Amino acid sequence: MLLFRSEEDIDRWSEMRGTPRGDVMSVEQQWRLARAWFEHRLRPGYRRRTAEEAESVFAAIGLTGPFWSLTPPRG
Amino acid sequence: MTAVARPRYRRRIVTSDDGTTQDAATDDAVRLAVMRMFVDEARPPAPNELASIVGMTQAEVEASLRRLADAHVIVLAPGTPLVWMANPFSALPTPFEVRSGDRRWWGNCIWDALGVLATIGSDGEVRTSCPDCGEPLRLEVRDGEIGGDTAVVHYSTPAAQWWDDIGST
């Protein structure tokens, strides 16, 4: 998870590495994800989210589709 | 020099037939002690320090650290009982520097770097650079709002593969 100046920088970097472009989000989305993911991390009783719970957090920020899937597709 | 008193996170003694509940209480105490030291000192405690903080033997602490690593709650340096990552914190310097006031930490990635500010609940800034053009980039959080340089975030690895090689993710 890296921060780039622009989407053109992502394209050049991906091409130079010969790796497919992944997914892109705005800085605002990343901040919302960071808050949702970490803001209670200092509380006692923390447990790692289940795959379904993590997907719900992603979806609430607009991160959906196969790239953000943690559960097998439903038949 | 005056010794600084550290908060203690002694485990709750919980009995159960299989020890699972007690392990959970132990692991939560160990996890919180690791996180608190990252917040306060920007580093994880060594196992012997953890043993003193939580009131356990070093062997018990190392067993707890292994359980937490197996559960993907922390990451240990390969082949050691030393904490490498307790997300969002990194024990080693990274390209993601986080500052709040006169304090400084390292995040494992841009998500974690912003996650440090979310974890501590404070304003601050993240400094990194564009991997393509090398231009320095700075994001800032003020009163819960994100600002700073114009930039975008790229995730190269699909979510289902993040823990295949967490050091690279």
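## Confidence and conventions

What pLDDT does chain B average, and what share of the residues score at least 70? Chain B averages a pLDDT of 89, and 85% of the residues score at least 70; pLDDT is the predictor's confidence in each residue, from 0 to 100. For the complex, the predictor gives an ipTM of 0.93 and a pTM of 0.88.

This is a predicted model, in which local features need pLDDT of at least 70 and side-chain atom pairs count only at pLDDT 80 or more, while totals for chains, interfaces and linings use all residues. Residues are numbered from 1 along each chain as its sequence is written, and chains are lettered from A and ligands numbered from 1 in the order in which they are written.

## Architecture of chain B

Chain B contains 4 helices and 9 strands. Helices (H or I, at least four residues) and strands (E, at least two) are DSSP runs, numbered from the N terminus. The order of the elements from the N terminus on is α-α-α-β-β-β-β-β-α-β-β-β-β. Of the 169 residues in chain B, 39% are buried. A residue is buried if 20 or more other C-beta atoms lie within 10 Å of its own, exposed if 12 or fewer, and partly exposed in between, with C-beta atoms placed from the backbone.

Chain B is divided into domain 1 (20–84) and domain 2 (90–164), with bounds that come from an automatic or database domain assignment. The C-alpha centres of domain 1 and domain 2 of chain B lie 24 Å apart. In chain B, 7 residues of domain 1 are in contact with 6 residues of domain 2, where contact requires that the C-beta atoms of two residues, placed from the backbone, lie within 7 Å. The side of domain 1 that touches domain 2 has 5 nonpolar, 1 polar and 1 charged residues. In these classes, Ala, Val, Leu, Ile, Met, Phe, Trp, Tyr, Cys and Pro count as nonpolar, Asp, Glu, Lys and Arg as charged, and the others, Gly among them, as polar.

## The contact between the chains

The contact takes 35 residues from chain B and 37 residues from chain A. On the side of chain B that touches chain A, the elements that give two or more residues are α1 (20–41), α4 (110–120), β7 (136–142) and β9 (152–155) of chain B. The most comes from α4(B), with 6 residues. By class, this side of chain B has 23 nonpolar, 8 polar and 4 charged residues.

Strand pairing also links the chains: 3 bridges join strand β1 (residues 2–4) of chain A to β9(B), and the two run antiparallel. Strands count as paired if DSSP finds at least two bridges between them. The bridge partner of L2(A) in β9(B) is H154(B).

One of its residues is A118(B), which counts as buried because it has 24 C-beta neighbours inside 10 Å. Leaving aside neighbours within four places in sequence, A118(B) is in contact with A34(A), R35(A), F38(A) and E39(A). After the helix comes G121(B), whose phi is positive, near 65°.

The largest nonpolar core has 57 residues, and those with the most contacts inside it are V30(B), A33(B), V34(B), V54(B), I110(B) and L114(B). Such a core is a set of buried Ala, Val, Leu, Ile, Met, Phe, Trp, Tyr and Cys residues joined through C-beta atoms within 7 Å. At least three of its residues come from each of domain 1 and domain 2 of chain B. Beyond four places in sequence, the contacts of I110(B) include M1(A), L2(A) and L3(A), together with F96(B) and V153(B).

## Local backbone features

Most residues other than glycine have a negative phi, and most peptide bonds are trans. A42(B), in the loop between α1 and α2 (47–54) of chain B, has a positive phi near 60° and is partly exposed, with 16 other C-beta atoms within 10 Å. D143(B), in the loop between β7 and β8 (145–148) of chain B, has a positive phi of about 55° and is exposed, with 5 other C-beta atoms within 10 Å.

The peptide bond from N87(B) to P88(B) is cis, with omega near 15°. P88(B) lies in the loop between β2 (83–86) and β3 (89–90) of chain B.
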